Amino acid sequence: MNNTREPLGFLPVFALALFATGMGVTGVVGGIRPEFIYAALPLLLAQSLALLLLLLAFRRGGYGDAFELLCASFSRPGARILLLLLGVYFAFRSAEILRSQSDCVSFYLLESTPPAVILAMLLITAFFAAFKGLRQLSGNVSLLLFFVLPLFVVIVVVALVRCDFGELRVVLQPSADYVGESVPHALAVVSGAESALFFLGLSKTKKDSGRAAVFSVAASAVLLTAMMLASVGTIGASGVCLERYPFIEAARQINIGGIALTERFDMPMLVVTLFVSIGRAAIFLFCGATAISAAFGTEKRSVVCLAMVPFVYALALAAGISSVGRVMDRVAYIGFFVIILLIFPVAAITSIFNGKKEKAS
Amino acid sequence: MPEQNDAVFDISPDYDQPVFTGDGAFERNLSYCRRLKGNSSDILIRSFVLSDSRKCFIVCVDGMSDKDSVERCVILASRRFASDSGENKFIASDGVLQQFGVTEISETESLSDGYISALTGDVLVLIENEPKAFIFGYRSIESRSIGDSPLGGSVRGPHEAFTENLRSNTALLRRRISDPNFVIEGLEIGRRSHTSIGLCYILGLTNGELVNNVKSLLESIDIDIVSDSGELEQLLEPSPYSIFPQTDGTELPDVAASELCAGRVAVIVNGSPYVLLLPVTLSRLMKVSEDDYQRWSFASFVKVLRWICSVISVIAPSLYVAMVSFHPGMLPTDLLILTVINRLNVPFSSFIEVLLLELALEVLREASIRMPKNIGASLSIVGGIIIGDAAISAGLISPLLIVVVGVSTMAGFVIPSYSLASSYRLVKYLLLILAAAFGLAGLICGVVIWLSMLTSLRAFGVEYTAPLFPFSKKWALRGFIQPPADKRASRPEYFDPVDVVRYRKGDD
């Protein structure tokens, strides 16, 4: 963990959390209905609350990293086992993101290239972005944010301006049954704030990290809602349901008169999703490597990160097999809920309790 | 006479030969110097007798010491000294200073050090029965006169550039910063070259930790010969395997002075007109001196243009390959038709086509640097127009590609730092290969790798990507927009200067 203890300012924390939650654009794959956002938004809200709990735990306890926090909240061996499980969980998440993105690239950009090759390319890029540590990773996502966020905002705004608002009425009449069904998919799309366990403790000031954590999740929620509305307004609710990649298909329909630099406006959208997916996979890869190296008490995080690459690659390839894919989905759901419903609250309560005990003594 | 294979001088830093004293000391000193001189024809050793009958000899290098001064001041004055003083004593350097009229004089008890000083242009003087040697500063090395920089100066701004002479360069800086706090510390690097180095900084402005870091790094360099600051630059870089330059440099004294006032450190190497500036950031490499001299509005426009050009220079050829080879459907219909018509008779794939043209340009560029100046211009015409035109006529490359590669090459010339532009040329090939293999997806992966390479760099405690990362609201904007002169009140905070205030508005 060469430079993982260097404090981070507002922007890196914001960018990391925003990319970790996928900006609401990565992983939205076909078969969804507009009600999807009613499942995604509570999940984002839950993540935002969980982040505040985590922040409280870090601040009250004065912990510098996840290992210290988990050791204080659980026993030392317990913390090591938890970290190992977290490492595996993040490897699964990274594989899931990469698999989903390689399918998207294969569908739109490289029809004749085998997905395994595209997957390898994306994984190597994610590894390159993450292996040197948190400083480099946060730098990458911060710089990417300057490019990605304005581009995405332009797409969303243009799409919203050009869409048919009459179509949006469908969104206001959600079917309760479908909202429940959408939760698993929404989890894959918007979860990721749990990765903050590995960087939130390093934020420069309490004010900075608090704002960054809340704003990032809020930004993801706004972008997801806006893009969903824009998609429904552009290609209709049935289009969103039928298309494999509804957001990209919606972007394909957009055109700014006079600025026809590309025949299809889906190219900027593909650029955005690619950048965000690589950034997101890199964050999960980093978290996995940090967790596993902390579990084994080694400082060689870069080596662990390198060792994880074939494992993640194998997982991502295996995700193509439907039974393995289902297992991976389950691991992702269980891991997510365990982290935000168990680890974060326990850590927060323990740190408050420890803080009070210290005060009393 | 020493054998050809035997070294006559131990160059290890611990070696020291004190001035011989006692009986026969003068002869031993003289024979030591003669042994070191060996067969060298440029080293002059002249011995003579003072009027008080004491023997004296001098050591100097022909062409490096001012012969007139040596003859007039040393030999004649030393004779006068002995006769005028009336005493058969030659006691202290103060006396020497008075009698010889030398402004720069030093004493040494080390004969080996004195000899090395003589090899750098000073004059070593040894007098019988004196326990010390005297070194007179009579350096006079022929060098280029101060003129325009060959790397290109500015339309608005001074037109003088550094030369290969350390003292001329320090004088150029001192003329611009007449602050008593401005320090030019003298160091020496090179076991054999004994190259003089000037470490420049401003006390009370430059961060002390930065100065100490640079100084200790310079002192730790153990190399035999430093020929140019480019060599030293590579030894100072914290990430030697990175393709990006980790030091900045300039040939313009006004830029060096301005950067010193921004809180950076300058390293001047004797024999090199290129002054190193530390630490470096990407935004600093994209800055030119004219930004400060022009009106803020136009300077801002040019700054933004420069950033756009730097991206175009790297991305344009790979974007062309990605679009033409993989995603022609993404091009507007008219452009697609034009591209298809243009490429109709081209026998190569777009990647090979781009690669051939880029490599041809690299060859042309390299050849024009190595060619004699008067042939260079003709070569450009032959290479650029005749070969280019012939290649299009022969159907080897498409005219559209000429436009893409031409624009990309011209955009590359807009990057102010030659080292950065060279690094970007390498990045361009990386992106080209990725785009040829994976189209737009490969290009995007390449951009992430490019960013990763940039964000992983940090030199002397300053992030390469500052002020974008770590983000500074005020300075990030200034990387792209030039504020009016009265708004440029502070120095860049990422250099952590001691004195932050640059400009104060006077009270009305």
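Between chain A and chain B, six residue pairs are in polar contact, both residues at pLDDT 80 or more; such a contact is a pair of N or O atoms within 3.5 Å, and within protein one must be able to donate a hydrogen and the other to accept it, with residues adjacent in sequence counting only if both atoms are side-chain atoms. This is a predicted model, in which local features need pLDDT of at least 70, side-chain atom pairs count only at pLDDT 80 or more, and totals for chains, interfaces and linings use all residues. Residues are numbered from 1 along each chain as its sequence is written.

**Side of chain A that touches chain B**
- Helices α1 (10-20), α5 (115-130), α6 (134-162) and α10 of chain A each supply at least two residues; helices are DSSP runs of H or I, at least four residues, numbered from the N terminus.
- α6(A) gives the largest share, nine residues.

**Extent of the interface**
- 35 residues of chain A are in contact (heavy atoms within 4.5 Å) with 30 residues of chain B.

**Salt bridge**
- One salt bridge is found across the interface of chain A and chain B, defined as a side-chain nitrogen of Lys or Arg within 4 Å of a carboxyl oxygen of Asp or Glu.
- A:Arg135 pairs with B:Glu463 in a salt bridge, with the closest N and O atoms 2.3 Å apart.

**Helix α10 of chain A**
- α10(A) (residues 266-295) has 30 residues and reaches 43 Å from first C-alpha to last, close to the expected 44 Å, which is 1.5 Å times one less than the number of residues.
- A:Gly297, with a positive phi near 65 degrees, follows α10(A).

Note on methods:
Chains are lettered from A and ligands numbered from 1 in the order in which they are written. Side-chain values use heavy atoms; hydrogens and water are left out.
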